[in-house]
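Me: I would like a close look at a single part of this model. Please keep the answer plain and connected.

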Amino acid sequence: MTRHFKSYAWDLGVFVTASFATYFAQMIDRPITAVLIYLSGVILIAVHSGLTNALIAAVAASLVYNFFLSQPEFEFGVTSLDEAVPLLAFNATALLTGVLVGKLKDTAIRERRANADASFLLTVSDRLQSALTVSDVEGMVRGLLPTQGVRSVKIFLARGDYYLRPSTGEIKSDRLDPLLEDLGTERNDRSVVLELSGARGALGIAKFAFTDDLDARPKLPDLQSITALLALAIERCLLLEQLAEKQILSRSEALKDSLLSSISHDLRTPITVIEAAAGALISEEISLADNERRNLLRTMIEQCRRLDRYTSELLDVGRIQAGIDRSTMQPVDLNDVVNLAIRQLQQFEPELTIERKVDRSPANVLGSAALLEQALFNVLHNAAKYCSGKPVELAMTKGPSSVSLAVSDRGPGIGTSEQSQVFERFYKSERSKQEGTGLGLFIAKGFTEACGGSILLESPIDGGIGTRVTLEFPLVEPTTSEVSMASA
Amino acid sequence: MNILIVDDEPSIIRTLDPILRAAGHSICEAQTAKSALSTFALHAIDLVLLDLGLPDADGSELIGSFKGGRASVIVISARHLEADKVLALDSGADDYLDKPFGMAELMARIRVVERRRAQSDTGGARVLCSDNLEIDFARRSVKIMGDDVHLSPKEYALLEVLARSSGQVVTQRRLMIAGWNDPTADTQYLRSYVSMLRDKLEIDASSPQLILTESGVGYRLSEELVPIT
């Protein structure tokens, strides 16, 4: 508004100045100069304001010249042919130059505007490229639109028979709501709703609300271009989201598959052995020697323990998935955990040598003794499986604020490609001929993290062989009650 | 018989080994597909007890080699997936058993294989019979408990395939080829013909004892038929 007013004032100033200059030129009997001054004024206005103002200036100049300056003064018309010729020539020249220069100016203005529009759309498009989810899209353009006379934009996506605004999660159960929400207020005529249409049909609508500056209002084609860019970005984001969903689905399919083979293998193997052994013992047609009967009975007991172990592992996985409550955790001395875990391991692996590097000064961490013991046992048990009969080392190192338990074996080590997978559920090394469920390290990780710790695997560690798994926990002060109990 | 046990679980081998030896068989064992093939090449194996889930290959890929060496194959599957069983049977396996299995069941399956191998070729036998059922292939006549039963040509074709593999499972595919010469025919036809056969052969067709359904896989003639010479 003000910009236009200034522009008119400038044009008027030029016109008045030119009129006075022409008058003075006429006064000192310089009629040609007078005409040229007027013409220059018209050209200046054309250059400044374009065709329309130039034409108005040309007609006005012609009238003023005729009325005030040419004979007879203070009336229209001419007294002689001598007077008529310059007047006609002046009119024709003023009009022609006005039209030509004005048109040129208009073209220049249009081009500048088109350039500005194009570079604006490019900026919008660039910005939208970085949107990854549908809810980002609206925010990406929010900062850009005020320069275009748009106060705000709202994006509503069609979802069945309602609209969803992804940026806020707002739901309009009546599809007319976004259209009618400003109805009856003064803002009603200050917004435009355009349809967002993608390659696979309508996606929803975009509602643009304008600023109060009437002149800064964007043109409909500009808004349509912006809407097309928005639709493109939304469609891209929707496809990305669908892709992500598919990946999650296929990952859970793979998990289901590994769960199925784990259960069918690890649960059915011991049952098969028990049933076959029991069937043979009870059968009248199979006669077994006494030592063979005893062996079968021993195998049955072994397999029962294996079943029990597997069941508790599945229960542990269930606990991890359900989320472990940290509120009941208490300071636990890792020295006790180490002793318990080693005693438990010796039941399974009586032949294994464990080299302890532990200084036995108290190392308290906030956790649950049972979870910590199980985590350390699983790591030790895993090392025992892959140590190729060589000793396994357990080192406890205390730092200023943390304590770590490192279990190292001198087995063949784990390939880099496998290292990221060993903590996954049901992961079993291809090279492993050992019986196992592929849950041990997953549980160790889950329990360690539940106790505020972290777990790290390195391989090879020494001369191209060996694996080290390190559990690290933040140290805490023991509670006073425990200190008093310990001192008592 | 010389039996090769192929299973990646040492505990299964440890258990089956003494039991099958006690039953008079000699046993070889392998825990991987690779060692199974090399053991098979070294010994004259009559029967392979094959677990499908091997660490280095899918067990069903080995069936062709075993059958090529004239061995019988009983597939032992822990996953209980119908598709796995059908694939194994269509690859030439003689029978399958789900883990866990009863020892009596395994011994019975082994006996069927043993007898079938002793007869070497029931394909040439003229008459097969059991306590209740008698089939004369030359005359195309079927008797149930001594009474003649009239069967349509399709019913007879299906029964013949079941009878020649009596005691063992026969896949739907094999039955479709026998009855309709088309493995992709609608299984609904097969079900209706089997139900008509049951009407004619079973004492109580609503709880069949003779023609058993192996769900998703095929059918099994439960009575073992032996040739009459």
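Me: To start with the setting, what percentage of the 488 residues of chain A count as buried? After that, please look closely at the place where α8 of chain A meets α1 of chain B: which residues make the contact?

Reply: The model is predicted. Of the 488 residues of chain A, 29% count as buried. Chain A has 13 helices and 12 strands. Among its contacts with a separation of 6 or more, 65% are between residues 24 or more positions apart.

Now to the part you asked about, beginning with the two chains as a whole. On the side of chain B, 21 residues are in contact with 25 residues of chain A. The elements of chain B that give two or more residues to this side are α1 and α5, the latter covering residues 103-119. Of these, α1(B) gives the most, with 8 residues. By class, the residues on the side of chain B that touches chain A are 11 nonpolar, 6 polar and 4 charged.

The helix pair comes next. The crossing of α8(A) past α1(B) is left-handed.

From α8(A), the contact is made by A:E292, A:N295, A:L296, A:T299 and A:Q303. From α1(B), it is made by B:S11, B:R14, B:T15 and B:P18. Sorted by class, this contact has 2 nonpolar, 5 polar and 2 charged residues. An α-helix has 3.6 residues a turn, so residues three or four places apart point the same way.

In α7(B), residues 172-180, the buried residues are B:Q172, B:L175, B:M176 and B:G179. Seen down the axis of α7(B), these residues fall within an arc of 100°, so they line one face of the helix. What covers them includes α6 (153-164), β10 (169-171), α8 (187-201) and β12 (218-221), which belong to chain B. Just after α7(B), B:N181 takes a positive phi of about 60°.

Technical notes. Residues numbered from 1 in each chain as written. Chains lettered and ligands numbered in written order. Predicted model: local features only at pLDDT ≥ 70, side-chain atom pairs only at ≥ 80, totals over all residues. Buried ≥ 20, exposed ≤ 12 C-beta atoms within 10 Å, placed from the backbone. Helix = DSSP H or I, 4+ residues; strand = E, 2+ residues; numbered from the N terminus. Arc of directions from axis to C-beta. Contact = placed C-beta atoms within 7 Å. Left-handed = near helix turned anticlockwise from the far one by under 90°. Nonpolar A, V, L, I, M, F, W, Y, C, P; charged D, E, K, R; others polar.
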